[in-house]
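Visitor: Could you walk me through this one? I'd like to start with the sheets and then jump around a bit.

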Amino acid sequence: MKHWVEAYNYQPIYDEFDFFSEDTIGYDIETTGLSSKRHQIYLIGCCTRRGNEITLHQFFAETPGDESEIIIDFFELAKDYKYQMTFNGARFDEPFLLERAQKFDIKDDNFPKYHFDIFKECNKLKKLLGLASCSQKSIESFLGIQRIDTYSGGELIPVYKSYIQHPSLEQLRILKQHNYDDVRGMLSLLPILTYNHIFDTEYQKISIEKNVYKDYQGTSQAEIKISGKLSQIFPSSFRLNSPLGYVIFDRDSFQGMIPLHHNTLRYYLSDYKDYVYLLNENIILLKELTDYIPKDQKRKATPEECFIEKEDDYIKLPHNYPVEKNVHLFKESRKDKEIYISLNEINFWGNTESAQNFIKTFLQTMLSGYKKNTDK
């Protein structure tokens, strides 16, 4: 059996130690196959933390007969920790390890019972960040991490079997490097979990401006360009799209676009029972003003007829926007679920408090559809 130990300093940038406490041991196992009944563990790598110092251990079985020894030594190290941390280990590493320990009658009573699986946590962020998959290499690509090792675990099985028959330093280097990168790579993946904090980030130095452009048909269109700073830094950029517009979060800043709608829309009156409809003039008037009009020229106004039309610049409202009193809400029709507000009515271009609050609500709305995934 071989036991390698390395200590190095790790300076967190993105609050990743929020997810790697000092009473946590992270680990990754290398096996000769997927069945714990027919295959064995030949390498266990693990890492622990004290302050900013990371200690990385690797227990290597030089022969199949060393398997029980590396499990015993790893358990002896792990017994002082409360939490275990893996990448997809809840489904593979932990059950495989415990079943192999049972085969050798190795007690696991003191092995950490609480399991923090980075894969499961990343999977909650998959839709938000637009990840194609939650494989370790996919996440490393999103974070811009370059690995030295280029092998998969399955590709190393024949390398280990060859090493057992004819040991060589090059084979040993390859086996060690793969596990080393996986264990150290777990720490490199932790920054992605800081995106859980984006739902609570504060928006600062918000800038708002109108942008006029011509579309592909040469028609003039307008939009609202927004930008600003975030109260904390994140590892990489991602983009969210919706009918409300789009936003790009890029490390410690954001920028986006909200479509501007120049249209004639309707503000529907809530007190429609106070109005009558004049048949000859196709207009509505307050009931109290129509006493002089003959009954055959008027009737009760319907809810659909009680509106005020206005041509203006509008933006579509997020559904959770806290509308102030006396602010008129416009629609294309009474039953239309899409609601608009006049920019002039909230003094949008003055970069006022109302405009700032709208942008903050817009950003929170863009994120809100993804928060339920992270709360699971």
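Guide: What follows is a conversation about the strands, the helix packing and the cysteines.

Guide: This is a predicted model, in which local features need pLDDT of at least 70 and side-chain atom pairs count only at pLDDT 80 or more, while totals for chains, interfaces and linings use all residues. Residues are numbered from 1 along each chain as its sequence is written, and side-chain values use heavy atoms, with hydrogens and water left out.

Visitor: OK, in what order do the six strands of the open sheet run?

Guide: The order is β1-β4-β3-β2-β5-β6, with mixed pairing; strands (E, at least two residues) and helices (H or I, at least four) are DSSP runs numbered from the N terminus, and two strands pair if DSSP finds at least two bridges between them. The edges are taken by β1 (2–9) and β6 (114–117), each with a single partner strand, so one side of each has no neighbour in the sheet. From one strand to the next the twist averages 25°, where axes are lines fitted to C-alpha atoms, for helices over the stretch in contact, and angles run from 0 to 180 degrees between N-to-C directions.

Visitor: And how many bridges between β3 and β4?

Guide: Eight bridges pair β3 (residues 41–50) with β4 (residues 53–60) in the antiparallel sense, and Cys 46 has His 57 in β4 as its bridge partner.

Visitor: Which strands does α6 touch?

Guide: Helix α6 (residues 169–189) packs on the sheet and touches β1, β2, β3, β4 and β5, its direction making about 40° with that of β3.

Visitor: Is Cys 46 buried or exposed?

Guide: Cys 46 is buried, with a relative accessible area of 0%, where buried means under 20%, exposed over 50% and partly exposed in between (1.4 Å probe, protein chains only). Cys 122 is also buried, at 1%.

Visitor: What about Glu 30, where does that sit?

Guide: Glu 30 lies in strand β2 (residues 24–31) and counts as buried at 5% relative accessibility. Its side chain makes a polar contact of 3.1 Å with that of Asn 179; such a contact is a pair of N or O atoms within 3.5 Å, and within protein one must be able to donate a hydrogen and the other to accept it, with residues adjacent in sequence counting only if both atoms are side-chain atoms.

Visitor: Switching to helices, how do α1 and α2 cross?

Guide: The axes of α1 (residues 67–78) and α2 (residues 93–103) come within 10 Å and cross at roughly 115°. The contact (heavy atoms within 4.5 Å) involves Glu 67, Ile 71, Phe 74 and Phe 75 of α1 together with Leu 97, Leu 98, Arg 100 and Ala 101 of α2.
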